[in-house]
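Had a look at the pair of chains you sent over. Here are my notes on how they meet, point by point.

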2 protein chains.
Amino acid sequence: MRRKKESSEIKKEIINAARHLFLEEGYQNVSMRKIANKIGYSPTAIYIYFKNKEEILLNLLEEGYNLFYDDLKLAYDSSLNNSYEVRLFKMCEAYIHFGLKQPDYYNIIFTMNMEMNTLLITHSNRYNGFLLLNEVVKDLIQENAFVVNNYELEQPDIYVSNTIWASLHGLTSLLIAFPQFNWGEQDRLIQFHIQTIIQGLKI
Amino acid sequence: MRRKKESSEIKKEIINAARHLFLEEGYQNVSMRKIANKIGYSPTAIYIYFKNKEEILLNLLEEGYNLFYDDLKLAYDSSLNNSYEVRLFKMCEAYIHFGLKQPDYYNIIFTMNMEMNTLLITHSNRYNGFLLLNEVVKDLIQENAFVVNNYELEQPDIYVSNTIWASLHGLTSLLIAFPQFNWGEQDRLIQFHIQTIIQGLKI
DNA sequence: TTATTTAAGTTAACAGCGTTAACTTAACAC
DNA sequence: GTGTTAAGTTAACGCTGTTAACTTAAATAA
């Protein structure tokens, strides 16, 4: 029995159902049958619209990228009147808070390692939160706020933004994975952490 | 047909087979049937020695902890004649290198989040690499190398060691998960990263 | 209008999974 | 020799992702 809905509409239905289930129960614990049941189709119908289960996840991955970008862009825009350093600080805060607010999206993007993910991070140049971070880093290097010359690096901005990214990812992923751990006061730790990185780059 | 082997010996056989398979193909891609096949038993025989698949992983988790501790202890001991700061640097290096040398063990410990894992990290006080890192941090705070007083924190050592751990974990896990990414020159990045954190804590 | 093609969705099935229950068999104690 | 216990087996349950074969309804062509 063919439905009257458009193909793209059903695709959306599938993604919506999958998002709810994935974010609620985790990717591994959601079966195609569960998704199909939620939208009132047979399990195999999904394969008309998606190659396999991972391709559904890939759509959510892109969604996650956009949400991530939105949060970083907001921090970027709302600090147009501030110094580059304050802007960087606010973007770092936005990064960590995104992870804490959307832990499942965060895990999809940064801790579930799929083959295509690297490509997306590296090459997708629209709506890329990384490039936004990178811009601020370049600004800071250009005005000599970060003294990276001592290291005689060929592309210092790469090392700076990678070290920032790594530090942010470290704290974010650990706060998500081990919430029970003795982190001290979480907000203070986040402030301390970001302050430490930026200070370390300044000298 | 009962075997003449001791119960503990078969347990070891299972763990050995599981380790090889897990580290080669990843936990999710190894089935009980594969493990059983490798040691020449029926799949259900494993359940005599282990409650379930996760309990086998838990044994490897402990193995991983010990290997991790060994590497950090070695860095600690081999820097007895150096300053605390150099010691911290070498231990940070040892941390990251452990992750790169044993990515699967590293993932079992720090990125596969199991419920029991947090408990292990926090409470097991023997052979705990964290406590070793924490000691050096305390030494550095005590000799005022780290100026943490500005922050008016109740337990500054917790914030310092957590920020160090988070930064190290961030770089390590990202290098493992996205080897294709444009990291620059990996060894230089590692040096730069550690230097940045330590410098950031000093001021 | 009728016939044919095409797309959408179904059912049945495959091969695999972790795990349990029921059964067999070998080793040991009395 | 008998009874007991532990070690290991086979069969099976209820899942999983995915494929192949089939149905059915809509769109198109004659």
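1. One definition before anything else: a residue is in contact when heavy atoms lie within 4.5 Å. Keep in mind, too, that this is a predicted model.

2. The contact draws 44 residues from chain B and 44 residues from chain A.

3. Now the area. Between them, chain B and chain A bury about 4,000 Å², with 70% of it on carbon and sulfur atoms. In chain B, the residues losing the most area to chain A are Y159(B), F178(B) and F192(B), which together make up 18% of what that side buries.

4. What about salt bridges and polar contacts? Across the interface of chain B and chain A, the rule finds 0 salt bridges. It does pick up 8 residue pairs in polar contact there, both partners at pLDDT 80 or more.

5. Which helices do the touching? On the side of chain B that touches chain A, α6 (103-110), α7 (115-123), α9 (156-177) and α10 (186-202) of chain B each supply at least two residues. The largest share, 14 residues, comes from α9(B). By class, that side of chain B has 22 nonpolar, 19 polar and 3 charged residues.

Note on methods: Residues are numbered from 1 along each chain as its sequence is written. Chains are lettered from A and ligands numbered from 1 in the order in which they are written. This is a predicted model: local features need pLDDT of at least 70, side-chain atom pairs count only at pLDDT 80 or more; totals for chains, interfaces and linings use all residues. Side-chain values use heavy atoms; hydrogens and water are left out. Buried area is the accessible area (1.4 Å probe) that two parts lose on being put together, summed over both. A salt bridge is a side-chain nitrogen of Lys or Arg within 4 Å of a carboxyl oxygen of Asp or Glu. A polar contact is a pair of N or O atoms within 3.5 Å; within protein, one must be able to donate a hydrogen and the other to accept it, and residues adjacent in sequence count only if both atoms are side-chain atoms. Helices (H or I, at least four residues) and strands (E, at least two) are DSSP runs, numbered from the N terminus. Ala, Val, Leu, Ile, Met, Phe, Trp, Tyr, Cys and Pro count as nonpolar, Asp, Glu, Lys and Arg as charged, and the others, Gly among them, as polar.
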